[in-house]
Structures are given as C-alpha cells and as structure tokens.
Amino acid sequence: MDMNQYLDIFVDESREHLQDLNSSLLELEKDPSDKNVLNEIFRVAHTLKGMSGTMGFARMQRLTHHMEDVLDAMRNDRISATSDIVDILFKCLDALENYVNTVSSTGDEGNEEYGDIVDALADILNKAGVQSKATNSPVTKASSGNGTSDNKPESSVEGTKLLEFNQYDIDIMKKGFEAGMNIFQIHVELDRGCLLKAARAFIVFQLIEKNSDIIKSVPSAEDIEDEKFDFEFTVVVITSNGKEFFEKEINSIAEITGVEVTPITPEMIGISNEEHQGNAIESSNTAHVAEEPGEQAEHQEHKKAHRTGKTVRVDIDRLDVLMNLVSELIIIKNGLENQMNSKDNSAWNESIEYLERVTTNLHDAVMKVRMVPVEAVFNRFPRMIRDIARELDKDIELRMSGEDTELDRTVIDEIGDPLIHLLRNSADHGIETREERARLNKPRVGTIYLRAYQDGNHVVIEVEDDGRGIDIDKIRKKIVERGLETPEIVGTLSEKELIEYLFKPNFSTADKVTDLSGRGVGLDVVKTKIEALGGTVEVETKRGAGTKFIIRLPLTLAIIQALLVRIGSEKYALPLSSIREIDNIKFSNVKMIRNREVVILRDMVIPLVRLNEVLGIRDAIPDEKKKHLTVVVVKKGDKLTAFSVDSLIGQQEIVIKSLGKIMQGVKYIAGATILGDGNVALIIDSNALAL
Amino acid sequence: MVSQISEKESNKYVVFQIGDQEFGVDIHKVSIIEKYMNITRVPNTPDYIKGVVNLRGEIIPVMDLRTKFGLPEKVPDEETRIIMLKINDITLGVIVDSVAEVVDFTEEEMGSITSITNDRSMDYVVGIGRIGDRLITVLNIEKLISELTEREQGV
C-alpha cells in the first residue's frame, strides 16, 4: 500500500544523512569558514528535503527547506557561521532525528512543528536581510492544521482527484499502456439509503472484475467487505472495454447514485516525466494529503500499523559470496543424488567432506552478513560529548579509534546505552574542571578515548579518560557508611574488590548529584547489560591519571560454542565461554560450609550448585549411585561456581534460538538450541545461576 | 477476497476433544496441527506449560489444556495432537486429546454462556456453539495467550 514499502529505505537513508550532517556540523563548529563542509551540509539538507517531500512528510520538508535557505545564505557569504547559528543547526538536526524516529516507530512524522526552530531560522535570515524562499512555498502555507486542501492542484481534466499510485501500480499501468489496454479510474457512489452497502459494493466489484482487472481499490477490498467505507469507493482497472460500457453497466445496478469513469493517461501518472523527482512529486504529494477525510484516516491507520523492522545493510559482495555458496550446495546435492545409485563409497565420502566445507563457509558468510561496524553506535558520541562538555563547562576531546570493528547486529543494538553511561561518567566524574587541571599541570583539554578492536573471538571496547581516576579511599568510606561491610573487612579488600562495589546498585561516590551521573544508577546497569550480552566489564584506574573501562563482548550472539551435559534424562547446553574447567570431585571433597554445599578443588573452596535441584529435574542420578561428582566450574567475574551434572556429552557449536515472548525471562534459562536429532535443548544462563 | 462478503456472518472453527468435552477455536488462529512430538521440559514454569518443541526450526512453547483446565493428565497416543495457535506473531501449541473436524457456526448458532459453573475452563470461553445436540465450547485464545505473556513480563 502507498508509500509503506519505502518507509524502511527512507528511515535508513535519512539516518545516514543525519549522521553525515552531525559530523559535518561538528567540523563546521571547529572551522566556520570551511566552504567544503558548508556545501556538504547544504547537500544533506537538500537531499533530506527531497526525500521527506517524496514521502509526504510536510513538516520535515518545511524544516529542511528553512535550513536550506539559511545554509544557502551562508554558502554565499551573506551570513557567517556564528556559534549561535551552529547551535540552531544542531537543534534542527535533533528535530530531524525526532521526525525520523517517529517515522520509524509509527510510520508517520507526527505533529511536532518545531515552530521555534523555524522562527529562529527565519530570524537569522531576516537579520541578514535575506528574503526567505521558504515563505513562498506551498508547504509552508499549508503547514498548519489540515488547511492543505485549499491549494491542491487538480490532477485530471474533469476535476476528479486521481488516487495515489505507488511504483508497483505505475509499473502495472505502464504494462497496460504498452499492451494497448484502457485504464480507468472508476468512482462509484452508492445511494445514501442503501442498507447493505458492502453487498451492493460486492455486486459492483463483481461486475467490474468480470470485465477488467482491478489493480487498485480505495478503500481496500477488505475494508469494503467490512463496510469500512462511506457511500463511495474508487477502483482503478485495466480493461479492453470502453468508458461507456462501464458507465452503462454499473448504472444498471440498483442503489447506485453516481458513476464516474475517468480515463487515465500515461502523462497523468507521470510515466513520461519521472526525472523531475524533486519538485514534481513534492507538489503532487501535498495534493494527496488532501484527499477525502475518510480516505486520509484510512491511510493513517495503515501507517500506524506499520513499524519499520530491524534491517542490516549488506555489502553486495557478501551477498555474492552467499549466493555462490548456495549454488555449491546445489551442486553437492545433485552429486549426492547421482551417487545414490552407485555403490562407490569414496565418492560419497568426498561429497560429504565437500558439504562440510561448504556449510562451514556458508556459516561464516551468513555471520558476516549480520556484522555491522561499531561506527553505527560510535558516530553519535562526538556530538554527545560536545554537548556534555558545554553543559559542564569543561574542555573535553573525544578520540575514537577502530570504528570499523564489526559486531553482530544484535550486540550493536544493545551496547549503545552502556557506552553512553560510561562516556558520561568519564566526562562528569573523570575529567577535572579547567581550574583543577591547570592546578595539576595537566593539559587544558581533557581527553576521552573510545577504542574498539577485535581480540580473538571477542571485541574489546575501551572507554578511557585522563581525569582524576577513582578514589579508592572514598569507596572504602562509602562501603562503611552504607553499612555494606565492617571497617575491618573493608581493610582487607583488594583494590579490585573495592572497585567491584562501583557496579553495585545505588552505589555512587560522587559528592554531588548532577544531571548526568552521580545518582548511582548507571554502572550496575552497564554491568548487567554487558553480562546479558555474554560480555565482561573490567576497570583499571590510577589516582590522578585516569580510569579505563574495558568491555569485552562476544563477536556474535547467534552461534556459540557450548558444552552439552546430561542431567537425568534431560540435556542442557552451557556456554563454553563461561566455563573455566570440568572436574570429577570425590564425595569426600564435597562439604557443607555455613549451610552451603561447596566443593574443594585443589586449594580452592567453590560453592556448589546442584543443577538437578535448581532446574527441578526429578530423574537425576542420585549421589549414591555415582563414583564421583562431575562438576562444571564456571566463572562470573572473578568468582567461581561449580555446577553438578550427571554426565558430559561434548562440545558443540550451537545456534541460539529465542524462547519467544511467552517463555522469555524464564529463570536460569538463556535460550534454546536445536540438536542434531531435532530435539530442543535449553541453554543454561550460567551468569544467573552462578553465586 | 471479495467473495467472502456473503459468508461474513458465519465462522469456521476447528473442533477438538479433551476428555468428553468438545472445544472449538477460530480457524483463523490455527496455524497448523501437528502430531504429538518430543517436548523439552522448561524448568520453573507453571505445570500446564509442558515445555517447548522444535517446529521446523522455531522454538514453540506448548501448553497442556488438560492440566490448564484441571483435568488429569493423559499419556499421549496416536490421536493426540498439538494445535499451533498464532496470534500477533506469538505461537503457542496446545495439546488436545484429538482433533475432530472443522465446523461452521453463524452468530445465531453461537449462544453466549449463561450458566456460571465452577469449571476452570469456563474462564476462557467466548461462547457455546450448537450442532444438533452437540455443544461445542469456543475458546478465547487471546486470553490464553495474553495471560501467558503478561505472567512472564510480571516476573
């Protein structure tokens, strides 16, 4: 239906352009005289204007239009880029981002006008004595309320409004024209007293369908069936019959008050002048906005129902690799079919080996398709740090590296918030005020480093600042103050153990609470989130020299190495990444300490979790029937926990499947996987189970 | 598409048996009916959740309607079926004793429930369909499913 199929593309592309706009604006702020940057900004604003116009987002178009005017004046040296102007342009950027987000979630641009920003832009021009082009644009006139109908251009000769056609409709019509068929828009009005209007409409539909192909119907056929229409509807048909034929036939049906058959010509739907995308479509779109209220409401409903899905933009080369691998699979399949009849075992084995190679490559290739550079998350940070620095009145520079490091899309979506927390933390708590830095003989500008790099099967992201570092003594004091531990115990804790307290809920060492941080909400959220992603967070800090947060994340969440274990008659998978070792423990080394079962392994005392108990497995093998206790030792941070199992099945690469909406959040279960025999095995959430 | 107009008032229902009672579900909400298959138990879930199954690569939770309605459990046999119900992208399998047929009810044939009983299954009933002297209890699938998702989110 209408523009919905383009919404995803629109959102994706707009986000890309907004990102360009963001980095260009940051550059412009550094060097206001740079003409290249200005041109780039102008280009982006112009493109966004065209795109939003095409999609019929009049408010967004209006805003970009005003931006364009100001930028044009700047380009022509009629206005110079002051920090005030750049600030307003940043506000425009935020507003545009809001529009795009609204479009992404609701399918419509929403009702926010951002009048203040538009006024500010107009003000800039007025002050400089530049006449704004935008004030003459039809969009501006029509921008408030639904007054759009006043100036809609009449599209057809007889004053009938043409329906809105999407590319698909136009393609069909093009084919119709090529085949020498007639295309009509038929508007049918039913008698107001008509009782069964759906049935009446059905009769008309049947008649039309018998004599033509219906390519479009407004409201849709389903809505008409459900009587979701007033007393009129419009269809577009391809037919070999003439205009008079339809007029006569439809009029012969009872309870029809009006039939209007409008021939559609190629020119009317713009087949011959597709080139003039920008302005032509802009104006025709404002016209469509103004179709009958009922129709518009129907459109809105459609749009509301639409939510843009998760998409990954994929390099075409990667898709080619996939395609090749799939064709290889087909070749192998054919080969195997041929060998079915022969008794040649070696050829069979060869094919199986070949198949194995191809599936491994296919797996790699598919994984790569899911990979997205971390840039997708990083690119919003320079702007964020700029704003924070202004707010805190500090000089902060953000240095990023390794933006092209790739992570699975699912991970990318999740790490944004934790990173924002850490960066804000560094800017607020880490970096000192100007005076303090001057006193300490540190460089005036504080630096925050954001680095990403791959390390084996992990991606490491570091957030480092050259600020004051974490005050360990303050943590000690705070622990005692909060009554978390006695002073004696605090005295025995290592620096690392003390820092761990920072990740506890509601623990903040900040003296004053600012808007940004210090409420003690944050680090615990960061840790929870990262661990939920199968990652870890570490902290390195040096008093007076700075703090470094190190986040390690698995490359992908979809496929992991796992250890399959058997408990009773059930099979479970444990993520290999969390397993430290597997041991057979003599029962003499299973003890009770403080009412808790522990195992003694070498010189370590490790708490024991009996999986059969926490997972409610009734047919697990009792201890009496076992020679020793098989335990899988998992690590969570620095701590170890031993899980008891009945037996080990082996190591296997498993594909993680979600348990779905109904089962998500089941205690101790992280997901499920499908085993070679088609049965389902659950994946144990070792982080949740570890003590 | 248009041809459905004339049938608008009557709906098709899949009829299945649990014990000696006959139930119906709107056919539009049934995605597929499977024979009984291996179910993997999921710990820490209510007893009427039997576990999950692998339905062509998708993990689908399965509920035992017998347990849910407070009836004794029954060993699955040749007749046992899992009806996969789908509403708003959420799929739930329900175990039933057997699936009988597909029937049509018109609105008039669907009486609403007037008698209040203590039967737990009555909480999930939208109406009772009558075919000859058979009474078919039409279940409220939305309620069954939304209850489950809400329960999980509440945890």
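In the predicted model described here, the secondary structure of chain B comes to two helices and eleven strands, where helices (H or I, at least four residues) and strands (E, at least two) are DSSP runs numbered from the N terminus. Along the sequence, these elements of chain B follow the pattern β-β-β-β-β-α-β-β-β-β-β-β-α. Residues are numbered from 1 along each chain as its sequence is written, while chains are lettered from A and ligands numbered from 1 in the order in which they are written. Because the model is predicted, local features need pLDDT of at least 70 and side-chain atom pairs count only at pLDDT 80 or more, whereas totals for chains, interfaces and linings use all residues.

Of the 155 residues in chain B, 32% are buried; a residue is called buried if 20 or more other C-beta atoms lie within 10 Å of its own, exposed if 12 or fewer do, and partly exposed in between, with C-beta atoms placed from the backbone. Among the contacts in chain B with a separation of 6 or more, 53% are made by residues 24 or more positions apart, a contact being a pair of residues whose C-beta atoms, placed from the backbone, lie within 7 Å.

Strand 7 of chain B (residues 90-96) is mostly covered, with six of its seven residues buried. Strand 7 of chain B pairs with strand 5 of chain B (residues 58-64) in the parallel sense over three bridges, where two strands are taken to pair if DSSP finds at least two bridges between them. Within this pairing, Val62(B) has Gly93(B) of strand 7 as its bridge partner. Strand 6 of chain B (residues 81-87) is joined to strand 7 of chain B by seven bridges and runs antiparallel to it, and here Ile83(B) is the bridge partner of Val94(B). Strands 6 and 7 of chain B form a hairpin with two residues between them, and Asn88(B) in the turn has a positive phi of about 45 degrees.

In chain A, five strands form an open sheet in the order 20-12-13-22-21, with mixed pairing. Strand 20 (647-655) and strand 21 (669-674) of chain A stand at the edges with a single partner strand each, so one side of each is left without a neighbour in the sheet. Neighbouring strands of this sheet are turned by 35 degrees against each other on average, direction ignored, the axes being lines fitted to C-alpha atoms, for helices over the stretch in contact, and the angles running from 0 to 180 degrees between N-to-C directions. Within the sheet, strand 13 (residues 570-575) and strand 22 (residues 680-684) of chain A run parallel and are joined by two bridges, with Ala573(A) opposite Ile683(A) of strand 22.

Strand 18 of chain A (residues 629-636) is mostly covered, six of its eight residues being buried. Strand 18 pairs with strand 14 of chain A in the antiparallel sense over six bridges, and Ile582(A) stands opposite Val632(A) of strand 18. Seven bridges also join strand 18 to strand 19 of chain A (residues 639-645), again in antiparallel fashion, with Ser644(A) of strand 19 as the bridge partner of Val631(A). Ile579(A), found in strand 14 of chain A (residues 579-585), counts as partly exposed because it has 18 C-beta neighbours inside 10 Å. Leaving aside neighbours within four places in sequence, Ile579(A) is in contact with Leu563(A), Leu574(A), Val632(A) and Val634(A).

Helix 16 of chain A (residues 381-392) has twelve residues that, at 1.5 Å a residue, should span 16 Å, which agrees with the 16 Å between its end C-alpha atoms; the expected span is 1.5 Å times one less than the number of residues. Just after helix 16 of chain A, Asp393(A) takes a positive phi of about 55 degrees. The axes of helix 16 and helix 17 (residues 409-430) of chain A come within 10 Å and cross at roughly 35 degrees.

The contact between the two chains takes 30 residues from chain A and 23 residues from chain B. Helix 8 of chain A gives the most to the side of chain A that touches chain B, with five residues.
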